[in-house]
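Work through the exercises below with the sequence and the structure at hand. Each task is followed by a solution in steps.

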Amino acid sequence: MRKRYWTSLALASVIAAVLVAPVSAQEDSKPAQKVKRDKYVLTAEEIAERPAITNAYDAVRMLRPSFLKQARKTSNLSQTSDPTMSTDARSTDPYGRGAAGSYVGPVLYIDEMKHQSVDELKDFRVADVVEIRYLNGTEATTRWGDGHEGGAILLKTTRARKP
C-alpha cells in the first residue's frame, strides 16, 4: 500500500512537471508588447531609436510624415455670386494669401515662437529635440488664429530650458 502511494505521488509529480514546463517556456518566448505611440507626438526617445536620423526635419519626415501634409486652403471669394467677376478674380485672395483652393503646409513654432518655414527644422540636431507635436488646422486656428489651415508643428528644444 505504502509503495503504491509513493509511486503514484512520484508519477503525479512527473506529469505535473511535464505539463508546466511548456507553459513557462512559452512565457519566455512571447514577443514584447509593441509600444503604442501617439500619432500627434514625436518624442526624443522615439527619435533616439533611429540612429540614422540626424535632424528634426528628417525625424518628422521618417517617423511622422503626416505632420508635413498639405491642407486645402479655402476662401469665401470663390463662392461669390457676381457673374461679372472673372474666374481668376474670384480665385485670387485680395489679401495676398494665395488662390482659393490652394494648398498650405503647417506653420512651424519652435519653443513657442513662430517661424517662416518648416524647412527650419533641418537646423536642429536630434540631440536638441525634446518633443515634436502636431496640431491639426482646427486646433492651431483655435490657439493662434487664422492662417493655420495646414495645422502647426510645435518643436520643443533643450535650448528653451537653458537659463
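His148 is buried, with a relative accessible area of 1%; buried means under 20% relative accessible area, exposed over 50%, and partly exposed in between (1.4 Å probe, protein chains only). The model is predicted, so local features need pLDDT of at least 70 and side-chain atom pairs pLDDT 80 or more, while totals for chains, interfaces and linings use all residues. Residues are numbered from 1 along each chain as its sequence is written, and side-chain values use heavy atoms, with hydrogens and water left out.

**Exercise 1. Find the aromatic pairs and say how the rings of Tyr109 and Trp144 are arranged.**

Step 1. Apply the criterion: rings of Phe, Tyr and Trp (its six-membered ring) pair if their centres lie within 6.5 Å; planes under 30 degrees apart count as stacked, over 60 as edge-to-face and the rest as tilted. Searching the whole structure gives 3 aromatic pairs.

Step 2. Take Phe67 and Tyr134: their ring centres are 5.3 Å apart and their planes are at 20°, so this pair is stacked. Phe67 is in the loop between helix H3 (56-63) and strand S2 (71-72), and Tyr134 is in strand S6 (residues 129-135), so the pair ties together parts that are 67 residues apart in sequence. Phe67 is buried at 0% relative accessibility, and Tyr134 is buried at 5%.

Step 3. Take Tyr109 and Trp144: with ring centres 3.9 Å apart and planes at 10°, the pair is stacked. Tyr109 is in strand S4 (residues 107-110) and Trp144 in helix H5 (residues 137-144), so parts 35 residues apart in sequence are tied together. Tyr109 is buried, with a relative accessible area of 5%, whereas Trp144 is partly exposed at 26%.

Step 4. Look for a cluster: ring pairs link Tyr40, Phe67 and Tyr134.

**Exercise 2. Which salt bridges does Glu131 form?**

Step 1. A salt bridge is a side-chain nitrogen of Lys or Arg within 4 Å of a carboxyl oxygen of Asp or Glu. The structure holds 8 salt bridges.

Step 2. Check Arg133: the closest N and O atoms of Arg133 and Glu131 are 3.2 Å apart, and the two form a salt bridge. Arg133 is partly exposed at 29%, whereas Glu131 is buried at 14%.

Step 3. Check Lys156: this residue forms a salt bridge with Glu131, with closest N and O atoms 3.7 Å apart. The pair links distant parts of the chain, Lys156 in strand S7 (residues 152-157) and Glu131 in strand S6, 25 residues apart. Lys156 is partly exposed, with a relative accessible area of 42%.

**Exercise 3. Which strands pair with S7, and in what sense?**

Step 1. Use the rule that two strands pair if DSSP finds at least two bridges between them.

Step 2. Compare S4 with S7: they run parallel and are joined by 4 bridges. The bridge partner of Val107 in S7 is Ala152.

Step 3. Compare S6 with S7: they pair in the antiparallel sense over 6 bridges. Here Arg133 stands opposite Leu154 in S7.

Step 4. Check burial: 5 of the 6 residues of S7 are buried, so S7 is largely enclosed by the rest of the structure.

**Exercise 4. Where is Asn136, and what does its side chain reach?**

Step 1. Asn136 is placed in the loop between S6 and H5, and is partly exposed at 30% relative accessibility.

Step 2. The Asn136 side chain reaches the backbone nitrogen of Thr138 at 3.1 Å.

Step 3. Asn136 and Phe67 are 69 residues apart in sequence and 8.7 Å apart in space, C-alpha to C-alpha.

Note on methods
Helices (H or I, at least four residues) and strands (E, at least two) are DSSP runs, numbered from the N terminus. A polar contact is a pair of N or O atoms within 3.5 Å; within protein, one must be able to donate a hydrogen and the other to accept it, and residues adjacent in sequence count only if both atoms are side-chain atoms.
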